[in-house]
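Open the model in your viewer and keep the selection tool at hand. Each stop below says what to select and what is there.

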Amino acid sequence: YSLRTVLSGRCHLSKVGTGRRPPPARVRVAVRLRPFVDGAAGANEPPCVRGIDSCSLEVANWRNYQETLKYQFDAFYGERSSQQDIYAGSVQPILRHLLEGQNASVLAYGPTGAGKTHTMLGSPEQPGVIPRALMDLLQLTREEGAEGRPWDLSVTMSYLEIYQEKVLDLLDPASGDLVIREDCRGNILIPGLTQKPITSFSEFERHFLPASGNRTVGATRLNQRSSRSHAVLLVKVDQRERLAPFRQREGKLYLIDLAGSEDNRRTGNQGIRLKESGAINTSLFVLGKVVDALNQGLPRVPYRDSKLTRLLQDSLGGSAHSILIANIAPERRFYLDTVSALNFAARSKEVINRPFTNESLQLHALAPVKLSQKELLGPSEAKRARGPEEEEIGNPELTASAASASQKLSPLQKLSNMDPAMLERLLSLDRLLGSQGSQGTPLLNTPKRERMVLIKTVEEKDLEIERLKMKQKELEAKVLAQEALDPKEKENSLTVHRPLPRRTVTGAKPLKKAVVMPLQLIQEQAASPKTEIHILKKRGRKRKVESSQVSEPVEKASEDCWELQISPELLAHGRQKILDLLNKGSARDLRSLQRIGQKKAQLIVGWRELHGPFSQVEDLERVEGISGKQMESFLKVSVLPVVPALPARPCSNSSPLPCRRTS
């Protein structure tokens, strides 16, 4: 086996074992017609159901006796059929699937008073399906799990009821409402459900009979002991293989007694009985929806709409061999209930299940392999880690013989509970395989096909390791040959094969900025005697600054920011244009100025109409709503909007206008 399987301790096999899809198994349907409850009524009233043969029947229309509805199922049991006939004909054949690790289920369906509980439980004189199935199943497990057989079998039982959408444990009534879960493999399970191991039928009766008394029953007009809940008996068969490869199988048997659908007008239910009837009819309605969804191939099957359908997920459209026993009544007053039950049975006959074997590997007999630190190291590291005293004392021949003996130790020698003669034969076969050159235990326990695949994989890995070793030796020889060259040749070779110098990648250069000085600062600089006006020019990758007083151009790095001083003439021209705009412009024209919005433009126009034109730009401070600080900010930035905008580039000598500010 692979190392991954040994370390995990449990390896789940595929559902089919060969990778193919499980073969389909249709839900088998059997119909049972109970006899008349009152003999006098049966003599005076003809039945509405008549059997044609062992698989078909017909129902007479209660309005027109000449019309009949014909149905055909897998089996039909008339009113004279016994409990043994029903069990031997429909239920007993599916018990063998439990020993193969597959699931099976038996459902009793029908209206209230049709005999479902009698079919499943029966009486001491006429036992029903449940006692007969448990008796035969325990007998089969005793025979298959006897001493000397390859499998060890154990049987456990659980008993629950679904009462008003609550899952109650009948073996432990104080446990309360339980939840239904689904594991990673799609199996339905109930955490906290009591499981009782059973080995004989008397032990089964000791647990089952008191639990049956905990089931909820009640009296109605149609039935004095009417079941008010759905009862489910779960029997689990666990199998463990005694020899390698120590497989484990699990099969489940569901024996389900469904509560009957009720017409409250005829049953006379009131109070709690009415509430119970509503819960029963709702769950059976969801059961019909599940069957219809499976037959129509809908993408969503409403299993989760009811606790009953959630629990029957394996039985309908799941992985179980299912038998549905539809119980009907012969009286004409039950005509509608009978037709409804037969229609449900006909639809259930089309449901397809896909049973598979629940099998896994349980490597409990193999002892865990513990490697020492020296074994984890390689041969060279282990030799260096071992001291000289150990090398002198250790005997290589004894060590090799002990290692070979430990490698050939078979797990079959640990099976002390087997027959000594059989154990001796198996050990002799193991020694024979070891003497013929086999690899010991793994070859004996591994199937032939997997063994050949493992051997082939090991050979390929060995070839790959040898190829890598040869390649490493060639590389080492080439390096030694290069080191043996003359220094001059080595230098030439290095010069020839020197890689091209990498181009240094520098960061992006900062954007060039033209800084516009504030108006007040420009006025102060214009008033000073040493006024210089600089104009930037773009010449190649460098920029030269020409000054009116300096003859030689001064080179500046392209990273420096551009500073620009505006001439007083240009400043006065701009102020005059702004003043003209303030005196003659409309509110829309005034909004083109910096920091002038709709409200301030209306204030300027109103003030101009009342007090006359502005004499200078600073008169804006008189306008109500414009503060001195806003006026100062306006004067700093309002000169430039009247100047035509230029692209973001350096100014040339021929342009008298200032550069546009860029960010």
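Select helix α8 (residues 272–296) and helix α10 (residues 335–348). The two pack at an angle of about 35°, and their axes lie 9 Å apart. Axes here are lines fitted to C-alpha atoms, for helices over the stretch in contact, with angles from 0 to 180 degrees between N-to-C directions. Helices (H or I, at least four residues) and strands (E, at least two) are DSSP runs, numbered from the N terminus. The crossing of α8 and α10 is left-handed: the near helix is turned anticlockwise from the far one by less than a right angle.

Now show the side chains at this crossing. From α8 come Leu287, Gly288, Val291, Asp292 and Asn295; from α10 come Phe344, Arg347 and Ser348. These residues are in contact, meaning heavy atoms within 4.5 Å. They divide into 3 nonpolar, 3 polar and 2 charged. Ala, Val, Leu, Ile, Met, Phe, Trp, Tyr, Cys and Pro count as nonpolar, Asp, Glu, Lys and Arg as charged, and the others, Gly among them, as polar.

A word on what you are viewing. This is a predicted model, where local features need pLDDT of at least 70, side-chain atom pairs count only at pLDDT 80 or more, and totals for chains, interfaces and linings use all residues. Residues are numbered from 1 along each chain as its sequence is written, and side-chain values use heavy atoms, with hydrogens and water left out.

Stay on α8 and pick glycine 278. Is glycine 278 buried, exposed or partly exposed? It counts as partly exposed because its relative accessibility is 33%. (Buried is under 20% relative accessible area, exposed over 50%, partly exposed in between, with a 1.4 Å probe and protein chains only.)

Next, go to leucine 308 in helix α9 (residues 307–311). Leucine 308 is buried, at 0% relative accessibility. Beyond its neighbours within four places in sequence, leucine 308 touches Ile162, His230, Leu258, Ser283 and Leu284. Its C-alpha atom is 9.2 Å from that of leucine 258, 50 residues away along the chain.

Move to helix α6 (residues 201–213). Its buried residues are Phe201, Glu203, Phe204, His207, Phe208 and Ala211. They pack against α5 (129–144), β9 (151–162), β13 (196–198) and β16 (230–241).

Finally, colour by pLDDT, the predictor's confidence in each residue, from 0 to 100. The protein averages 75. Residues 1–19 stay under 50, and so do residues 364–383. Where pLDDT is low, the predicted coordinates should not be read in detail.

Methods: Expected span 1.5 Å × (residues − 1).
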